[in-house]
Amino acid sequence: MHKRLVLHFFLLFTPILLAQNKMSFESVDSITYRQYINNEWDSLIAVGKMAFNNNIDFKYLRQRVGYAYFMKADYYASQKHYEKALLFDKKDVNSLTYLYYCGLYTANETYTRYREGFLPQELKTQFKIKPFKIVSSFDLEYNYKINNSLVRGNPTYQRAGLATDLGYRLNLYQSVSTYSQQNDSSNIKQNEYFALMNWAVTPHLSVACGYHYLKSNVDEIYSYKTYVQGPHNSTIVYKTTDTISVGLAGHVFFSKLNYNLSRFNFGLTGSIMNYDSVSTQQLGLQASVTLPGKLNTYLKTSVYGIFDSSNNNRLIVSQTVGALLSPKLWIEGSVLLGNQKLFTDHNGLYIYNSIDPTTFRAGLTAFFKIVPKTSLYINYSFDNKLIEYNQTNYNQHSFSGGIIWKI
């Protein structure tokens, strides 16, 4: 017991001792190895920082510091050091394995799949990793909206999505959905198909391109009177109700360039939409950061510019904040400001082309992990919507629920 106390005292004051004496490769290697085998994570990190500041850098030091951060559940910092270790030895199994785990624990699927491709075959077999999966995930979503307008019905929306792994760096996501709404003088039904291809150029840089097809059927209901001369010169009036169906088709082409660096993520998006004889272009910039701490709190800001052929240009600003409240509960809140007419969101998955554009939206989403590969989510959103022809507003409450299966 006495020897263990002496060793603990020595390790605790190692950074001070090193600061007073000239550091060397041998001393750093020896001290950090002892700290590593004795689980002295804070002291190991402190010695590592001092060594790097004195231009002492080698593979095992990076791996030890990376592992210390990993044990402290700081996966972004751990990833940084294991990537540095990989520069010394690109085929090192230890570094490759922990980079794979860092991708998993930071919920970065693109990064994780990229790292999976470089694992040795025995680990791929052990982790049940395959280069191709015809179904890598499946999700379902249902949405019901309630509004306080006398001339607008309550819309419903259903969607099913399917992801396919075409390789370690290439993924295809497809979705089909349907939207319906009954209004005062029309019935609206819209069917949609969406496809998004994502390619990881490097572990940190990815490119995505997508296509979204919309087919809307608007049934306009109107009534008229027919006057017919009856017996003895009387007039008979017939009231008739007819329905005229008008079909509209829309095509949206979407692209995204995404770059992530440790806790920071940056995105540049663009889309072109042709719908109802209106051509719309959209450009967007996104930036997010995950803050240190066990809650993994992140902040994301997005700015979009929308330009259409009718010169109705507009700006949309979005702010999102999310946090991990427990290992099985994640919450996210968001606010969107600006006229969202023909707005393309969530990497092109959602197209807001409803009859009345939203001018303000605030929402809250909760994700529940019920088993390791299955999650449920619920969402509430409040929308302030604009009836354009008379410039009046009404409120809409949106309730969504869904399930995601990882296969």
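This is a predicted model: local features need pLDDT of at least 70, side-chain atom pairs count only at pLDDT 80 or more; totals for chains, interfaces and linings use all residues.
By class, the residues that line the second largest pocket divide into 7 nonpolar, 3 polar and 5 charged. The pocket has a volume of about 330 Å³. Its lining is made up of 15 residues, and those nearest the centre are Glu83, Leu86, Leu87, Arg115 and Pro203.

The lining can also be read by helix. Two helices, α6 (75-88) and α8 (109-116), each supply at least two of the lining residues. Helix α6 gives the largest share, 6 residues.

Within α7, the buried residues are Ser95, Leu96, Thr97, Tyr98, Leu99, Tyr100, Cys102 and Gly103. What do the buried residues of α7 pack against? Their partners are α5 (59-71), α6, α8 and α9 (121-126). Two of these partners, α6 and α8, also supply residues to the lining of the second largest pocket.

One of the buried residues of α7 is a cysteine, Cys102. Cys102 has a relative accessible area of 0%, and therefore counts as buried, since the limit for that class is under 20%. Cys209 has a relative accessible area of 47%; because this value lies between the 20% and 50% limits, Cys209 is classed as partly exposed. How many disulfides does the structure hold? The number is 0.

Asn39 is not a glycine, yet has a positive phi of about 60°. Asn39 sits in the loop that runs between α3 (25-37) and α4 (41-53). Leu342, which is not a glycine either, has a positive phi of about 55°. The loop that holds Leu342 lies between two strands, β11 (329-337) and β12 (343-345). Is Leu342 buried or exposed? The relative accessibility of Leu342 is 8%, which is under the 20% limit, so Leu342 counts as buried.

How values were computed
Residues are numbered from 1 along each chain as its sequence is written. Side-chain values use heavy atoms; hydrogens and water are left out. On a 1 Å grid over the protein atoms alone, a cavity is a set of points where a 1.4 Å probe fits but cannot get out, and a pocket is an open set with protein on both sides within 12 Å along at least five of seven lines; lining residues have an atom within 4 Å of a point. Grid points are joined across faces, edges and corners, and a volume is the space filled by probe spheres set on the points. Helices (H or I, at least four residues) and strands (E, at least two) are DSSP runs, numbered from the N terminus. Ala, Val, Leu, Ile, Met, Phe, Trp, Tyr, Cys and Pro count as nonpolar, Asp, Glu, Lys and Arg as charged, and the others, Gly among them, as polar. A disulfide is a pair of cysteine sulfur atoms within 2.5 Å. Buried means under 20% relative accessible area, exposed over 50%, partly exposed in between (1.4 Å probe, protein chains only). Contact means heavy atoms within 4.5 Å.
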